[in-house]
Amino acid sequence: MRRLRLLTAPVVAVAACALLAGGGGPAFAHTALDTASPAPGAKVGSGTKVISLTFGQLLRGTVPKVSAAGPNGAAVPVGEPVVVPGSTVCAAVDGLPVGVDTITYTVIAVDGDAQTNTFEFQVVPGAPAAGVPSGCRGRVLPAPPARRPERASGFLDGRRATAAAVSAAAAAVLVVTLSVAAVRRRRRRSVVAEKGSDFAPE
């Protein structure tokens, strides 16, 4: 079973100091993630319907990209993100799988560079759904894309393969049957010809 991985406070502090020392502090600080729902390391229910991310400051006119993945790495459908006042991003999600899930987001920093980060949370059966920030409540969010019917298509592909195999087998049986019939006809003609030669006048 996959375990939850979280950055500890000392690691975050060291990373922040390194960015500030490298001159990338202002851009990082403006686009840093302040809060999230589900939060990093949180335990939520599969009934969670909205992913929300609140940043220090988003570059005007930009919309962060948000995606989610289940414990096995398979993509979880997420709707198109919507930016609301307060540098909060809201995105609809449906059917979070039980286990350790991952959220990945990409924002454009003030200096124009794209910054991609991920964090993990846990979906637990029976747990309450993640809370929805006030900025996302009551908003009509784009619905997540429909899941691909993998099982259905696999079932149909299996039936098609079986039908093709049956057809091929039937064709092979037909060919063998016709071949045997042809051989028998030739043998009968040969026998008749031999008997006819026995009664021929000398």
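This report covers confidence, the salt bridge, the disulfide and the aromatic pairs.

## Model and confidence

This is a predicted model; local features need pLDDT of at least 70, side-chain atom pairs count only at pLDDT 80 or more, and totals for chains, interfaces and linings use all residues. Residues are numbered from 1 along each chain as its sequence is written, and side-chain values use heavy atoms, with hydrogens and water left out.

The protein chain has an average pLDDT of 78 (the predictor's confidence in each residue, from 0 to 100). A score of at least 70 is reached by 65% of the residues. In residues 7–24 the pLDDT falls below 50. Beyond near neighbours in sequence, that stretch has 5 contacts in the model (heavy atoms within 4.5 Å).

## Salt bridge

The count is 1 salt bridge (a side-chain nitrogen of Lys or Arg within 4 Å of a carboxyl oxygen of Asp or Glu). D94 pairs with K49, at 2.7 Å from N to O. The two residues are 45 apart and link distant parts of the chain. D94 lies in the loop between strand 7 (88–92) and strand 8 (99–108). K49 lies in the loop between strand 2 (43–44) and strand 3 (50–55). Helices (H or I, at least four residues) and strands (E, at least two) are DSSP runs, numbered from the N terminus.

D94 is partly exposed at 41% relative accessibility, and K49 is partly exposed at 48%. Buried means under 20% relative accessible area, exposed over 50%, and partly exposed in between (1.4 Å probe, protein chains only).

## Disulfide

There is 1 disulfide (a pair of cysteine sulfur atoms within 2.5 Å). It joins C90 and C136, with the sulfur atoms 1.9 Å apart. The S-S torsion is about -80°, so the disulfide is left-handed. C90 sits in strand 7, and C136 in the loop between strand 9 (114–123) and helix 3 (150–198). The two are 46 residues apart. Both C90 and C136 are buried.

## Aromatic pairs

The whole structure holds 2 aromatic pairs. Rings of Phe, Tyr and Trp (its six-membered ring) pair if their centres lie within 6.5 Å; planes under 30 degrees apart are stacked, over 60 edge-to-face, and the rest tilted. F55 and Y105 have ring centres 5.6 Å apart and planes at 65°, so this pair is edge-to-face. F55 is in strand 3 and Y105 in strand 8, 50 residues apart.

Y105 also pairs with F119, in a tilted arrangement: 6.4 Å centre to centre, 55° between the planes. F119 belongs to strand 9. Together, F55, Y105 and F119 form one aromatic cluster. F55 is buried at 1% relative accessible area, Y105 at 7% and F119 at 8%.
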